[in-house]
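Subject: Structure handover

Hi there,

Here is the structure I promised to pass on. Please have a look at it first, and then read my notes below.

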Amino acid sequence: VHAPQFGSDGSVHLTQPKQSHSKTYFTIKEIAKSSALIRTIHKAYSTKKQTPLVPSGTSEADALPIERQVYLRTPPSEIMYAWETEKKLLAGFTQYASTSGARFLVVGIPESFAVHPELVEESFPKFDLALIDTLAPENQLGEISAQENIPYLSLGKTLRDYASTTGAKTFFPCDRHWNKEAHAKSADAIFDFLAQSFLLTK
């Protein structure tokens, strides 16, 4: 995904995305997903990669992988700067859509551990979970959307409600991508969201 650039007047400039992966790539990926050996290796590698190594004089929060620091209850300045950039991006996309006669909406997609609490410890190994707020990104995105008057749908709430009511899993254990149930529930939620935003009629 190519991030847009902003002009001095706040206008947004979008670049064309690169071509998508070839058919061969997706074929290999499907084969890999069905391999028990590859799933086991992938899970072990992911856990190892996320295990924080705390150098001397470094806090636990600083040692947390950067992609996980967004879940800290007190995020570092780099994460706050990233959210400020996110706010500018969303404002720019809104402006771009408006000039094209369209409406811009935001749909938030949760991590698996934000839906299934039992996965939190595995996702933050050897880390003080009292410092973690799994809903932080959803809440932050909701605040930004409200400030910019952008319609916002959190699929985290949709999937959490479904999982807590039925006890069903919404992610594949091998790679934490959505399974059939998650896709179906999310599709229904997005359709209803678009209908309520007067962009679709039932």
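A word on naming before anything else: helices (H or I, at least four residues) and strands (E, at least two) are DSSP runs, numbered from the N terminus. You have a predicted model here, in which local features need pLDDT of at least 70 and side-chain atom pairs count only at pLDDT 80 or more, while totals for chains, interfaces and linings use all residues. Residues are numbered from 1 along each chain as its sequence is written, and side-chain values use heavy atoms, with hydrogens and water left out.

On confidence, pLDDT (the predictor's confidence in each residue, from 0 to 100) averages 81 for the protein, and 67% of the residues score at least 70. Over residues 51-58 pLDDT stays under 50. The model has 11 contacts (heavy atoms within 4.5 Å) beyond four places in sequence for that stretch. Where pLDDT is low, the predicted coordinates should not be read in detail.

Now to helix 6, which runs over residues 136-147. Its 12 residues reach 17 Å from the first C-alpha to the last, close to the 16 Å expected at 1.5 Å a residue; the expected span is 1.5 Å times one less than the number of residues. Just after helix 6, Asn 149 takes a positive phi of about 55°. Buried residues of this helix (under 20% relative accessible area; exposed is over 50%, partly exposed in between, with a 1.4 Å probe and protein chains only) are Ala 136, Pro 137, Glu 138, Leu 141, Ile 144 and Ser 145. They pack against helix 4 (77-99), strand 3 (106-108), strand 4 (152-154) and helix 7 (155-166).

Which residue does Glu 138 form a salt bridge with? The partner is Arg 160, with the closest N and O atoms 2.9 Å apart. This pair links distant parts of the chain, since Glu 138 sits in helix 6 and Arg 160 in helix 7, 22 residues apart. Glu 138 has a relative accessible area of 12%, so it counts as buried.

In total the structure holds 5 salt bridges, each being a side-chain nitrogen of Lys or Arg within 4 Å of a carboxyl oxygen of Asp or Glu. Another joins Glu 118 to Lys 169, where the closest N and O atoms are 2.3 Å apart. Glu 118 lies in the loop between strand 3 and helix 5 (120-123) and Lys 169 in the loop between helix 7 and helix 8 (180-196), so the pair ties together parts 51 residues apart in sequence. Glu 118 is partly exposed at 46% relative accessibility, and Lys 169 is partly exposed at 45%. Within helix 7, Lys 157 and Asp 161 lie 4 residues apart, about one turn of the helix, and they form a salt bridge with closest N and O atoms 2.8 Å apart.

Also in helix 7 is Leu 159, buried with a relative accessible area of 0%. Not counting residues up to four places away in sequence, Leu 159 touches Pro 110, Val 115, Thr 170, Trp 178, Ala 182, Lys 185 and Ser 186. The C-alpha atoms of Leu 159 and Ser 186 are separated by 7.5 Å, though the two residues are 27 apart along the chain.

Best wishes
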